[in-house]
Amino acid sequence: MIDSYNPPEIEKKWRQRWAEDRLYQVTEDSTKPKWYALTMFPYTSGDLHIGHWYAMAPSDVHARFQRMRGYNVLHPVGFDAFGLPAENAAISRGIHPFTWTMCNVDNMRRQLESIGAIYDWSREIITCLPEYYRWTQWFFLKLYQAGLAYRGRAPVNWCPCCQTVLANEQVVSGFCERCETVVVRRDLEQWFFRITRYADELMLHDGIDWPERIKIMQRNWVGKSTGAEISFALDYPGVEEKEIRVFTTRPDTVFGVTFMVLAPEHPLVALLTSAEKRAEVEAYIDSSRRASEIERLSTEKEKEGIFIGAYAVNRLNGEKVPIWIADYVLMSYGTGAVMAVPAHDERDFAFARKYHLPIKVVIAAADWQGEEPTAAYTESGAMVNSGRFDGLYGDQGKQAVCDFLEEKGWGKRAITYRLRDWLISRQRYWGAPIPIIYCERCGIVPVPEEDLPVLLPENAEFKPTGESPLKYCQEFIHTTCPRCSAPARRETDTMDTFMCSSWYFLRYASPHDDTAPFASDKVGYWLPVDLYTGGAEHAVMHLFYARFFVKALRDMGLVDFSEPFRRLFNQGTIIASHHKMSKSRGNVVNPDDYVSRLGADTVRAYLMFLAPWEQGGDWDDSGISGISRWLNRLWSLVLKEYHYCGRSKADGENAEEELARITHQTIRKVTIDLERIHLNTMVSSLMEFTNHLSRIMEAGAVAPSAWSEAVRILLLLLAPTAPHLTEELWQRLGYPYSIHNQSWPKWSEELARDEEVTLVVQVNGKLRDKITVPVSITEAEAKILAMTSPRVKAYLEGRELLKTVYIPGRLVNLVLR
């Protein structure tokens, strides 16, 4: 009698055996091609949800596949362990962030182990441990030495509750995304990385296989614009500035400027605002400082502004131009001032209509007859109402205006970027301390490398206000200057946690090295990452910062490659009951519940099967039940004694030929699907193969050797998806340990070739064509081929198809009227 399939027992047994045997520990091996497969490491939130599984299990399937193909596979795992949630938990629960974080690590490690992945746990990294953040601080010093880290004053998004700076992406509708407090703008001394130095290179994605949408998002984030910087004249007593400089991508429209807009933060606003407008302008500035840059730039937000009671002069035509302020203009982009040409810019057109400002056409469409515009015309055209430049078209007009501006000294050709330098300062405790000392004599002094790490004090006191305890920890703040030995103070800001994740993929190469952040020879062997998987939401933060980081290290001579990740794959999102999972909806799927009942292999296979990995899908209990039934059937099929019925030689040969053909077709299909990461169709092919073997078992029509070989192939093809189940069945069939050390099956094109038959095509019973088709063709496929045959199509025109008569392998008859 066959044992019943008991996943929890089997899976625990094999995970323990693999760990004892160190089956998945990996070292550099020059005799094998390497494959570095990495999934974005999880934040230590406390529990793995099914979304974590959806990111990790499929990537493990692909890594196992590559291992069986002969690659030396590195597939490491670790924990992104610094960040606000741990500190907030310390405040709300009265527990130290380190204690909270490490408890979460222990729980998540247990959950990750249950996946049955080929993680080399000896390479685990945890970013909040001193042996890791020592090197995060070391990299800060290297960037500082290279002129890529600097301190500057800048307006920031400030959450009064969290008492910290927020990135633009962390401000949602004017509120902190974490605590929903209204965010305000403040000017603070901050530490920045000079990421803008790499703006042009970060727009290029040469030699890497990334999704096009991610590349577009990154190029848009850099926001490179080519145009001209133009000077508008100022003449106000007591104001030193004699010009306002604006950047425009359309210098050919300069004669159509009817107003100018400054950012509310522009330093000229206070100098130029008239007395009667001052109160109104100051009130507007206060309100604009409460909005994030993302909100200010939103295309859905109605544009509002205030006339400040001052004018500039357009030097090209001598016209006075009224000066406004509006929050859609940012001081951090371009010059903080824009020239408004409402006839040829949609935003300016809406603003001009709202405030009854002039609209002057200076670029004419081909059919323009001098009428008032009803919408902005933003395409190319001939310059009109532009003096000496009338009649010039498109780029010719732009270049001519730029030549004239440069000749007169009124402007110049220019390039500007939307991208700003990376602000890394965080006014929090739970992050890597910035290794800087302030000395009254010596100024800014980097902490010597031999004094790293700068440790977080364990006795920090967490206040209900959310303020960083480092600000009040005297033993942390007070130190001596490394240069002059005078009393000095430490920087109390910590680094943005994206700093930790910008280099973690390098640390996996030599995670326990205490002499360097990584061993150059090991990084030389493993890097770049061959396949990086994770969410598309990281396109313009983590993925962007990691690329900058590697390019900066390259220029310092620390690495010899320019891109961290050769191929990027973004998985979709798992939802439940047609909604995003959330505790309030009660639709969060806990993978532990299903693993304990159905087994990790069942969960793995279902996540592969329910939808294309890049799309995501809707979790369905009936769907995972179907996968469970399939694996139970497969268990019984493999262990059941095969009885050969000794059919006639001809029948036996045909059955064995058919089995060989289907087996090799399945190898080909599964292999190609895994290469392309088409995991749902890969699982479907394995299910179809299982069904075919079930029919073979019932018929007993092939020799025992042919049956055994087909079962062996089935287990090898299934091994990446269901590693525990296949290991158990492999052992029970008497094969040598371990199935995961076996070679991936190869197919024969000759054996995989479909048998072909000739199909007669009739129209109303009369022969119209004969077509050669695979013997396995379906009725639907045969009907399509018949109706698209050139010899048949002429008989179908203007006629209605009543029905199709199909005789498999012989005939398709199209009945028309």
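A residue is termed buried when its relative accessible area is under 20%.

**Figure 1. Overall view of the predicted model.** By this criterion, buried residues account for 55% of the 817 residues in the protein. The fold contains 27 helices and 34 strands, and its C-alpha atoms occupy a box of roughly 110 × 80 × 50 Å along the principal axes. Of the contacts between residues at least 6 apart in sequence, 72% link residues at least 24 apart. Carbon and sulfur atoms contribute 49% of an accessible surface of about 36,300 Å². The side chains include 94 positive and 106 negative ones, and the centres of these two sets are 2 Å apart.

**Figure 2. Close-up of the largest nonpolar core and the surroundings of Phe 505.** This core comprises 188 residues, of which Phe 140, Tyr 504, Phe 505, Trp 619 and Trp 630 touch the most other members. Beyond its neighbours within four places in sequence, Phe 505 contacts Tyr 36, Leu 38, Leu 527, Val 529, Ala 546, Val 550, Pro 564 and Phe 565.

**Figure 3. Close-up of an open antiparallel sheet of 4 strands.** The strands are arranged in the order β6-β5-β9-β19. Strands β6 (164-166) and β19 (422-423) each have a single partner strand and stand at the edges, so one side of each lacks a neighbour in the sheet.

**Figure 4. Close-up of the pairing between β5 and β6.** Strand β5 (residues 149-159) pairs with β6 in the antiparallel sense over 3 bridges. Cys 159 has Thr 164, in β6, as its bridge partner.

Definitions and conventions
Residues numbered from 1 in each chain as written. Predicted model: local features only at pLDDT ≥ 70, side-chain atom pairs only at ≥ 80, totals over all residues. Heavy atoms only, no water. Core = buried A, V, L, I, M, F, W, Y, C linked by side-chain atoms within 4.5 Å. Buried < 20%, exposed > 50% of the residue type's maximum accessible area, 1.4 Å probe, protein only. Contact = heavy atoms within 4.5 Å. Helix = DSSP H or I, 4+ residues; strand = E, 2+ residues; numbered from the N terminus. Areas by Shrake-Rupley, 256 points an atom, 1.4 Å probe, with all protein chains shown as cover. Lys, Arg positive; Asp, Glu negative; His and termini not counted. Charge placed at Lys NZ, Arg CZ, Asp CG, Glu CD. Pairing = 2+ DSSP bridges.
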